[in-house]
Amino acid sequence: MQIGGIQKLTLIDFPGKIACTVFLAGCNFYCPWCHSRELVMPKEIKKLPKVSEKDFLDFLEERRGLLEGVAICGGEPTLNKELPSFCQKIKTLGFSVKLDTNGSNPVMLNELISNGLVDYVAMDVKLPFERYVEVCNTEDKAFDVQQSINILKTGKADYEFRTTVVPGVHFRDDILKIARWISPAKKYYLQNFRPEKTIDPEFEKFTPYPMEFLTEVQQAIAPFFEVCQVRSL
Ligand code: SF4
């Protein structure tokens with residue numbers, strides 16, 4: 001497991017908690033609009049400063065009583081077989097754990113939730129089911145994502161689904177398809193794309209959708225969810 005960076009304080013990454021964020025390097029998807037090139041591209045990962053698990057846990061030890069939670073992001077954290085023990089160590093120190101995932105590892109997601117090792121899961125739903133091959137090169141992954149959706153919807157851990165809406169990639173009908181696929185569900189957020197530091201530099205030339213467009217789509221799908229909002233990134 002390679003820790004690719006730490007954000008020492010966040011008030012937005014973990015809903016309702018004062019938290020820090022730890023970024024784990026490596027990803028099994030390739031979303032051209034991704035902002036985390038340094039955590040996804042193997043050549044970039046090699047350049048990351050080395051932060052050991054011990055360094056991070058020592059940092060957490062010093063923050064006991066000051067921070068409430070740890071958001072674990074990537075890349076894709078569930079690629080690391082050490083993730084359950086890492087979460088356990090964080091929880092033993094008294095922190096809540098939030099996991100960001102692309103939903104590609106339902107087996108580990110189930111293990112984490114069943115063993116009470118995560119308190120909140122934010123899962124990206126990148127595309128409608130039939131288009132997943134565009135970000136992961138294999139049609140099978142859509143079935144893994146489907147399983148992760150089902151696991152989260154059991155409600156054993158608090159969760160949200162979210163989609164970054166990218167012009168030229170997502171059209172109104174794609175969001176409606178995703179909403180129909182994942183609903184009914186607790187929370188679904190539409191996030192507006194930012195054309196900055198993308199893996200494929202062409203995406204930096206894209207103009208984000210106007211908020212009016214996202215709001216109109218959000219209003220169309222809101223009845224399928226307990227909470228459905230547009231979120232600025
Ligand atoms: S957006 Fe997420 S899943 Fe896609 S390449 Fe970036 S880190 Fe991986």
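**Note on the predicted model: rings, burial and overall shape**

1. F56 is buried, with a relative accessible area of 0%. This is a predicted model, and every value here is computed from it. The cut-off for buried is under 20% relative accessible area, so F56 qualifies.

2. F86 is the partner to look at next. F86 is also buried, with a relative accessible area of 0%. By the ring rule, the count of aromatic pairs comes to 13. F56 and F86 form one of them, and the pair is tilted. Their centres lie 5.7 Å apart, with 45° between the planes. Why tilted? Planes under 30 degrees apart count as stacked and over 60 as edge-to-face, so the rest, this pair included, are tilted.

3. Where do F56 and F86 sit in the chain? F56 is in helix 3 (residues 53-62). F86 is in helix 4 (residues 83-92).

4. Now compare Y209 and F213. Their ring centres are 4.1 Å apart and their planes stand at 25°, so this pair is stacked. Both Y209 and F213 are buried.

5. Rings also gather in a group. F29, F129, Y132, F143 and W181 are linked into a cluster by ring pairs. A charge meets a ring elsewhere: the charged end of R231 sits over the ring of Y189. The distance to the ring centre is 3.8 Å.

6. S96 lies in strand 4 (residues 96-101). Is S96 buried or exposed? S96 has a relative accessible area of 16%, so it counts as buried. Leaving out residues up to four places away in sequence, S96 touches F14, K17, E68, G69, V70, K91 and D119.

7. Step back to the whole chain. The secondary structure comes to nine helices and eight strands. Buried residues make up 52% of the 233 residues. Take the contacts with a separation of 6 or more: 70% of them are between residues 24 or more positions apart.

8. What radius of gyration does the chain have? The chain has 17 Å. A compact globule of 233 residues would have a value near 17 Å, so the two agree. Along its principal axes, the C-alpha trace spans about 45 × 40 × 35 Å.

9. Last, the surface. The accessible surface of the chain comes to about 10,900 Å². Carbon and sulfur atoms account for 53% of that area.

Note on methods. Residues are numbered from 1 along each chain as its sequence is written. This is a predicted model: local features need pLDDT of at least 70, side-chain atom pairs count only at pLDDT 80 or more; totals for chains, interfaces and linings use all residues. Side-chain values use heavy atoms; hydrogens and water are left out. Helices (H or I, at least four residues) and strands (E, at least two) are DSSP runs, numbered from the N terminus. Buried means under 20% relative accessible area, exposed over 50%, partly exposed in between (1.4 Å probe, protein chains only). Contact means heavy atoms within 4.5 Å. Rings of Phe, Tyr and Trp (its six-membered ring) pair if their centres lie within 6.5 Å; planes under 30 degrees apart count as stacked, over 60 as edge-to-face and the rest as tilted. A charge sits over a ring if NZ of Lys or CZ of Arg is within 6 Å of the ring centre and within 35 degrees of the ring normal. The radius of gyration is taken over C-alpha atoms; the globule rule is 2.2 Å times the number of residues to the power 0.38. Accessible areas come from the Shrake-Rupley method with a 1.4 Å probe; for residues, only the protein chains shown count as cover.
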